[in-house]
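The sequence and structure come first.

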Amino acid sequence: MTLEVCAKAAVGAPDTLGDCPFTQRVLLTLEEKKIPYKIHLIDVSNKPQWFLEVNPEGKVPVVKFEDEWTPDSDVITSLLEEKFPEPSLAASPDFASVGSKIFPAFVTFLKSKDASDGSEQALLNELEALDNHLKAHGPYINGDKITSVDLSLAPKLFHLEVALGHFKNWSIPDSLPHVKNYMKLLFARESFDKTKAAKEHVITGWAPKVNG
Ligand SMILES: N[C@@H](CCC(=O)N[C@@H](CS)C(=O)NCC(=O)O)C(=O)O
C-alpha cells in the first residue's frame with residue numbers, strides 16, 4: 001500500500017520539495033519505516049481547491065489513511081507508529097520533550113534585531129541542555145537507536161544551522177560537541193538526505209520573517 005502525503009512545495013519552485021520541518025518529519029518517519037509513499041506538492045501561497053476541501057485548515061503535512069486525510073505531524077507520526085510498528089521509533093516517555101524548546105528559541109534569535117536582548121543566550125541554554133542530555137544518553141536522544149524524538153528535532157536543527165549561518169553568520173559553538181556530533185549523525189542519514197529541502201529554499205522560506 002502506498003500512502004499519499006501532501007508536502008510543502010518550495011517557495012518560488014512549486015515542483016520542488018519545500019522547507020517545512022513538519023513535512024520533513026513525516027517523510028523521515030516514512031523513510032525510516034520503509035513505508036512506500038507518493039507526494040503531492042502543495043504551493044502554500046496558492047493552495048489547490050481539492051487540498052482545501054480535504055484539509056480546510058490548509059496546513060501541510062497531511063496524510064491519507066484509509067480514505068481519510070489526516071493533518072498535523074504529531075497525529076500523523078503517532079498513527080504511523082500504531083499502524084506500522086516495525087521498526088519501532090518509540091522513545092522513552094521521559095525523553096519525549098528533550099530539545100522541544102530549541103525551535104522557538106531559534107526563531108526568536110533569528111528574528112531578533114537587538115544583540116543584547118538575551119535571545120542568543122536563551123538558545124545557547126537550550127542547546128547546552130541538549131548537549132548534556134546527549135552526553136549522558138546519546139548518541140541519539142533515546143540512546144543508540146534513532147526514534148521519533150530525533151525525527152522531529154532533525155529538520156528543526158537543519159533550519160537552525162542553515163538560517164542562522166546565512167542571516168547571522170552564526171554556528172553551533174565547539175563547546176557543544178555532543179550536539180555537533182548528533183547533527184552530523186542525523187544529517188548523514190539516507191532518510192535525511194532524501195527528504196531535506198535545498199538550503200536556498202530554507203533561506204528563501206525564512207527571509208520574510210527575518211526581514212519583516
Ligand atoms: N502543527 C502542524 C504545523 C504545520 C505547519 O505549520 N505547516 C506550515 C508549513 S511548515 C503550513 O502549512 N503553512 C501554510 C499555512 O499556514 O497556510 C504540524 O505539526 O503539522
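In which loop is N169 found? N169 is found in the loop between α6 and α7 (177-187). The model is a predicted one, and the values in this report are computed from it.

**Backbone features**

Most residues other than glycine have a negative phi, and most peptide bonds are trans. N169 has a positive phi, near 50°, although the residue is not glycine. N169 is classed as exposed because 7 other C-beta atoms lie within 10 Å, where the limit for an exposed residue is 12 or fewer. D72 likewise is a residue other than glycine with a positive phi, near 85°. The place of D72 is the loop between β5 and α3. D72 counts as partly exposed because it has 17 C-beta neighbours inside 10 Å.

| Cis peptide bond | Omega | Loop holding the proline |
|---|---|---|
| E86 to P87 | about -10° | P87: between α3 and α4 (102-111) |
| G138 to P139 | near 15° | P139: between α5 (119-137) and α6 |

Another loop residue is E66, which lies between β4 (62-65) and β5 (68-71). E66 is exposed because its C-beta atom has 7 others within 10 Å. Along the chain, E66 and L3 are 63 residues apart, while their C-alpha atoms are separated by 9.0 Å.

**Ligand surroundings**

Which residues surround the ligand? The shell consists of K8, C20, F22, V44, G58, K59, V60, P61, D72, S73 and D74. By class, the shell holds 5 nonpolar, 2 polar and 4 charged residues.

**Domains and their contact**

The domain assignment divides the chain into domain 1 (3-83) and domain 2 (93-211). Their C-alpha centres lie 22 Å apart. The contact between them takes 18 residues from domain 1 and 18 residues from domain 2. On the side of domain 1 that touches domain 2, β2 (13-17), α1 (21-32) and α3 (73-83) each supply at least two residues. Helix α1 provides the largest share of that side, with 8 residues. The class composition of this side of domain 1 is 7 nonpolar, 6 polar and 5 charged residues.

The UniProt record, an unreviewed entry, places the feature "domain: GST N-terminal" at residues 10-88. That span is 37% helix and 25% strand, with its end C-alpha atoms 31 Å apart. The UniProt record, again as an unreviewed entry, places "domain: GST C-terminal" at residues 70-206. Residues 70-206 are 63% helix and 1% strand, and their end C-alpha atoms lie 26 Å apart.

**Nonpolar core**

The largest nonpolar core has 49 residues, and A7 and A154 are those with the most contacts inside it. Helix α6 (residues 148-168) gives the most to this core, contributing 9 residues. Why does this core lie between domain 1 and domain 2? Both domain 1 (3-83) and domain 2 (93-211) give residues to the core, so it lies between them.

Leaving aside residues up to four places away in sequence, A7 touches L17, T23, L27, I39, L41, I42, V60 and P61.

Key
Residues are numbered from 1 along each chain as its sequence is written. This is a predicted model: local features need pLDDT of at least 70, side-chain atom pairs count only at pLDDT 80 or more; totals for chains, interfaces and linings use all residues. A residue is near a molecule or strand if its C-beta atom, placed from the backbone, lies within 6 Å of it. Ala, Val, Leu, Ile, Met, Phe, Trp, Tyr, Cys and Pro count as nonpolar, Asp, Glu, Lys and Arg as charged, and the others, Gly among them, as polar. Helices (H or I, at least four residues) and strands (E, at least two) are DSSP runs, numbered from the N terminus. A residue is buried if 20 or more other C-beta atoms lie within 10 Å of its own, exposed if 12 or fewer, and partly exposed in between; C-beta atoms are placed from the backbone. A nonpolar core is a set of buried Ala, Val, Leu, Ile, Met, Phe, Trp, Tyr and Cys residues joined through C-beta atoms within 7 Å. Domain bounds come from an automatic or database domain assignment. Two residues are in contact if their C-beta atoms, placed from the backbone, lie within 7 Å. UniProt positions are given in the numbering used here, feature names are shortened, and annotations may be inferred rather than shown by experiment.
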